[in-house]
Amino acid sequence: MTLFQELKARGLIAQVSRPEELEELLNTESVSFYTGFDATADSLHIGGLLQLITMRRFQLAGHKPYALLGTATSLIGDPTGKTELRKMLSHETIAHNCERFAQQMGRILYFDGNANSAAAGIAGDNLPSAEFVRNGDWFADIKYLEFLGAIGRHFSVNKMLTAECFRSRYEGKGLSFLEFNYMLLQSYDFLHLFRTKNIKLQMGGDDQWSNILAGADLIRRMDGEKAEAASGTEAASKAYALTFRLITTSDGMKMGKTEKGALWLAADRCPVYDFYQYFRNVGDADVINLFKWLTFVPVEEIEAMNLDSGAKFNEAKARLAFEMTKIVHGEEEAEKAHSAAKNIFGGGGESADMPTTIIEESEINILDLLVKTGLCSSRRDARTNVEQGGVSLDGEKVTDVNAVIEIKEHVIIKKGKKNFHKAARNG
């Protein structure tokens with residue numbers, strides 16, 4: 001099975017420009033490609049994970065990945081899918097976020113000399129090494145008026161406003177001129193990398209289709225037509241756009257939200273056990289798709305899974321959770337999370353690897369305890385859970401919202417059927 005065939009078999013491809021040409025190119029050449037990541041947070045989440053895993057599939061097939069860190073575009077922020085203008089970030093914050101991204105990416109892609117790649121056991125033998133590029137490096141020296149004259153003249157405002165990424169904002173709360181520049185900047189990224197790195201393919205989530213296609217079109221307008229005019233034939237150099245499906249549940253809802261927020265890849269934003277439990281508790285109808293989209297389990301093996309009973313679904317979910325945790329956090333952490341879940345749900349009720357919050361107070365109100373441990377988002381949320389009988393401490397249900405909990409060494413909190421947490425005294 002070729003790479004392109006595998007992408008289709010896994011149901012990953014959403015849109016692609018000139019698919020037959022791109023498939024032939026991937027089958028016959030080692031192609032340099034890139035995906036962009038704006039550093040608007042200090043961790044990637046599940047959407048970025050899909051992009052990284054797909055980049056890894058390309059790398060394993062002999063193609064060279066470039067991870068573009070948006071040190072310039074992060075200052076603006078992509079308006080796609082946003083209802084309001086992003087909060088402006090400082091250069092220092094963006095640099096910090098990019099460093100965090102690089103650490104997380106190094107566990108999934110092979111970067112020559114990257115300590116995280118080595119720690120994750122990612123072999124580099126005969127694989128093209130991934131590289132980082134930062135668009136702040138080339139935008140820093142560009143003069144705005146020259147940029148508008150050379151690049152801006154190739155873009156139609158009317159056409160840009162038909163793109164979903166702009167239209168929804170334009171018809172809603174309005175689109176700032178700052179954000180309106182985003183498509184031009186991302187398109188120029190592709191042009192610059194096409195010229196300097198011979199990168200022929202840009203990939204991303206399907207919500208980026210308009211931006212990616214605009215970059216490929218800019219290359220055609222600025223370099224392709226020039227080559228055609230000089231040679232009198234169709235230009236040999238072409239750029240390709242490829243987008244992948246967004247991760248959604250079987251009923252079309254966006255996947256990756258937890259009770260505590262987004263499903264982050266950084267352990268300090270989403271504890272490893274919580275990450276494991278997210279995949280352990282996905283809906284039955286989503287199991288096969290998640291295996292196809294986010295794991296390296298062979299397609300043939302996934303399609304042969306016989307999930308005809310609750311027991312088999314549980315077994316498959318446990319494997320899915322382990323595979324996902326191993327990819328993001330490493331095999332040792334995956335083993336710990338698996339062991340913790342097995343001990344807790346097997347009846348032991350406690351594990352050294354259970355998510356733990358240190359509590360300074362020897363006595364604390366139950367509502368404050370639930371908020372401090374992150375099991376509830378607010379005191380109101382905590383009150384609702386307690387009043388509805390959804391909270392237990394050390395196996396005893398708590399129904400009094402004014403209850404004061406004494407913590408001598410630690411207590412095990414259970415919220416609902418599947419959320420366990422340890423609250424321990426400091427020292």
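Contact here means that heavy atoms lie within 4.5 Å. In this predicted model, residues 24 or more positions apart account for 71% of the contacts in the protein that have a separation of 6 or more. The protein has 427 residues, of which 50% count as buried, and its secondary structure comprises 19 helices and 15 strands.

**Nonpolar cores**

- The largest nonpolar core holds 75 residues, and the members that touch the most other members are Phe58, Met105, Leu201, Phe275, Phe279, Leu290 and Leu294.
- Helix H16, which spans residues 310–329, gives the most to this core, contributing nine residues.

**The surroundings of Leu201**

- When its neighbours within four places in sequence are left aside, Leu201 is in contact with Leu22, Val31, Ser32, Phe33, Tyr34, Phe58, Phe190, Tyr240, Ala241 and Leu242.
- Phe58, one of these contacts of Leu201, is also listed with Leu201 among the residues of the largest core that touch the most other members.

**The surface**

- The protein exposes about 20,400 Å², and carbon and sulfur atoms supply 48% of that area.
- Tyr144, Leu145 and Leu148 make a nonpolar surface patch of about 320 Å².
- Leu148 belongs to helix H7, which covers residues 144–150.
- Patches are made of residues with over 30% relative accessible area, and Leu148, which is partly exposed, has a relative accessible area of 31%.

Note on methods. Residues are numbered from 1 along each chain as its sequence is written. This is a predicted model: local features need pLDDT of at least 70, side-chain atom pairs count only at pLDDT 80 or more; totals for chains, interfaces and linings use all residues. Side-chain values use heavy atoms; hydrogens and water are left out. Helices (H or I, at least four residues) and strands (E, at least two) are DSSP runs, numbered from the N terminus. Buried means under 20% relative accessible area, exposed over 50%, partly exposed in between (1.4 Å probe, protein chains only). Accessible areas come from the Shrake-Rupley method with a 1.4 Å probe; for residues, only the protein chains shown count as cover. A nonpolar core is a set of buried Ala, Val, Leu, Ile, Met, Phe, Trp, Tyr and Cys residues joined through side-chain atoms within 4.5 Å. Patches are made of residues with over 30% relative accessible area and no salt bridge: like charges are joined within 9 Å, nonpolar side chains (Val, Leu, Ile, Met, Phe, Trp, Tyr) within 5 Å. A salt bridge is a side-chain nitrogen of Lys or Arg within 4 Å of a carboxyl oxygen of Asp or Glu.
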